[in-house]
Amino acid sequence: MFEFVLLILIPLLSAGVCYFLKNIRLQYSISLFVSAVHLLLSLLIFIGWYKTDLPFFFSTDSLSKLFLLVLSNVYFWVVLVSFSYLKRPVTPNSEEGKRYYFLLLNFYLFANTAAILSNHYGMYWVAAEGTTLSVAPLIYYYRNEEALEAMWKYLFLVSIGIAFAFIGILFLTLSAKGTPLEGQQLFFSEFVKQAGTLNPVWLKASFIFIFVGLSTKIGIAPMHSADVDATSNSPSPIAALMSGSLRVTALLGVMRIFQIMQPTSTYDFAKTILIIGGLLSLLFAFVFMFKVNNYKRMLAYSSIEHLGIITLGIGIGGLAFVGAMYHIIYNSLNKVVLFFSAGNIHHRYKTREVDGVKSVLNILPWSGWLLMISFLSISAIPPFGIFFSELMIFEGMLFSDKPWILAVTMFLLLFIFINMGKTLFQMLYKKDENENIAVEKEHFEIIHFAAIFLLILLIAIAVVSPNILRDNILNISKDFGIKL
Amino acid sequence: MQNVLSILFCLSLFYLAVTSRVKAYVAVLRFQGIILTVLLVFPFINHFSVYAFILPTTLFIVKVILIPRYINKIILDLDVKRMIEPTIQQFTFQLLVIFAMIIIFVTSNILSKSTSIETIPFASGFSAIVVGIFVIIFRKKLIIHVAGFLVLENGIFLFGTAVASELPMMIEIGTLLDVFVVVFLMGIAMNKISSTLSGFDVTALGRLKD
């Protein structure tokens, strides 16, 4: 019960407190404290030093422990840099956005934690919709036309998507007709236990609706458009939050039903759908990387690419599944660094167009180098973690019954890498004629500290490979019936 | 009784397909809200309990009073014109709706043979989902999109009663609150869109693309 209060009620309370406090610094201190406590407790739960005993509708298993840690970690760094971000001057009408910033962030933490810890599909749905509601106004932070359009599209499309997911949940209850689960509550754990008795036709329908509906939130093609608009037009801490944790929370909903389908005859069907979704996402990222001229949109497409790889890994199963779990962690860390650096560049150059950004390495040495290193990292260059997780996914693909997927994936990834690299190196190195006109040197800020720390963490986790993490991921694989 | 109410619900969908006035959409939303409330109250007529009335009351307040009032307020504030501005001819739209509903009813009838479902409420709920999506696709005004979204939500609700899924009350109320807040945020966004982008239909939203 104690952890329920700390993880779920305190963020809600702190959101309420932020509403009444006028002082941004005070709001920041409270939010930072809450996020630090949240991170600490998530870590303790993950390590196993704290045994959870959550009330009705909530519970923890290996999967939710991992996702909770991912959320807590991303959220902590986002809150940490938020104050220095809010201090930056913005247009007068965006001042209004600052007032509700921490309130919405705290509410996001509340809703997202509830979604991750829920053991009940209905609860998951309500909480997942809550995350949309808290993120949508944050997208509109800059109070300009693009942000408004992005917010509208995100709110509308994701709400419809999540309504579809609700239809899927209703189909899940239909699949339980005539089984011991009929008339029972929609607890994941019960459904997993009785999965063999479920009606396969309704189960398939349920999976399709839940997958397509939540795709709008995960950002899996072809439902990704609102997600790209939202990530590219929101302030960079929010973009980091969405790419690093929100998409993963939506993925959790899909993984839950995938877990239910695992012992049934519909398992292969679900795997095929996941593989199609993953490959389509890679294809869309591949196509749009050729013509993208906005670097934040490019990063948003990179998010789609990596969620595509994760979905593909889950769909393939075996070692690729284990790799996908590692990829979730590494991708969340890496995306935070990428978006933080991109945010610094946007702040200095006041544009998101690639053509307007030149000679970043001279003008913004810290952010420039961090962007370059994090780009190398996201492109799976060793010794960064993504290299190891992608290697595992690729190995899984090679030894699966569909090795041709590896060839397709490698081909798409190669061109995504080339196009992304071309664009980024142009921004970093291309000389600007007006470069010598008095440019103020970039100071070392807390954002750079966070980025460097996360990059070190990215290497450290991969090189040290802590046993606790490995055991946890192996437990998840066992829950999903994966034999290694 | 459930069947009669579901058929009334279907008739309201036909009315949506025929009408071209914005106000009629709000009236339909209110009407559907009342049907859903009655549907929820109905099983409790014989064994009355205060607890059982919490959900219908919340539903009534949210779907019959708050949301229609709020949408009416937006229509007044933004001075939305009376017509709905369809993107296809009204007659084609009607044909589309009728055609979709026939398919849904026939399919549901076939499905009901293998699974025990209440065919008419099931098919009516699903029809509302499809009609809601049609309204969103074939209408230009953003306010009508919101109405379409709400029709879709009502459809899901009816559909939920048809599959006799028993979600706990706390979660049902949670979903209602979520929907209300979504509509509320959409209303705020529409206000901003009409003032900054000077328009309240989808043509005003074309800045973001690759």
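Tutor: The discussion below concerns a predicted model, and it takes helix packing, the nonpolar core and the chain contact in turn.

Student: Why are helix 11 of chain A and helix 13 of chain A called roughly parallel to each other?

Tutor: Helix 11 (residues 236-261) and helix 13 (residues 295-316) of chain A pack at an angle of about 25 degrees. Angles under 35 degrees count as roughly parallel, and the term therefore applies to helix 11 and helix 13 of chain A. Their axes lie 12 Å apart, and the crossing is right-handed.

Student: Which residues make the contact of helix 11 of chain A with helix 13 of chain A?

Tutor: A:S243, A:R247, A:L251, A:M255 and A:F258 of helix 11 meet A:S303, A:L307, A:I310 and A:I314 of helix 13. By class, this contact has six nonpolar, two polar and one charged residues.

Student: What makes A:M151 stand out in the largest nonpolar core?

Tutor: This core has 245 residues, and A:M151 is among those that touch the most other members, together with A:I139, A:Y154, A:L155 and B:I143. Helix 7 (residues 145-175) of chain A gives the most to the core, with 22 residues.

Student: With which residues is A:M151 in contact, leaving aside its neighbours within four places in sequence?

Tutor: They are A:A136, A:I139, A:Y140 and B:A189. For each of these pairs, the C-beta atoms lie within 7 Å.

Student: How many residues of chain B are in contact with chain A?

Tutor: In chain B, 33 residues are in contact with 36 residues of chain A. Helix 7 of chain B contributes the largest share of the chain B side, twelve residues. That side divides into 19 nonpolar, eight polar and six charged residues.

Technical notes
Residues numbered from 1 in each chain as written. Chains lettered and ligands numbered in written order. Predicted model: local features only at pLDDT ≥ 70, side-chain atom pairs only at ≥ 80, totals over all residues. Contact = placed C-beta atoms within 7 Å. Helix = DSSP H or I, 4+ residues; strand = E, 2+ residues; numbered from the N terminus. Nonpolar A, V, L, I, M, F, W, Y, C, P; charged D, E, K, R; others polar. Axes fitted to C-alpha atoms, helices over the stretch in contact; angles between N-to-C directions. Parallel < 35°, antiparallel > 145°, perpendicular 65-115°, else oblique. Left-handed = near helix turned anticlockwise from the far one by under 90°. Core = buried A, V, L, I, M, F, W, Y, C linked by C-beta atoms within 7 Å. Buried ≥ 20, exposed ≤ 12 C-beta atoms within 10 Å, placed from the backbone.
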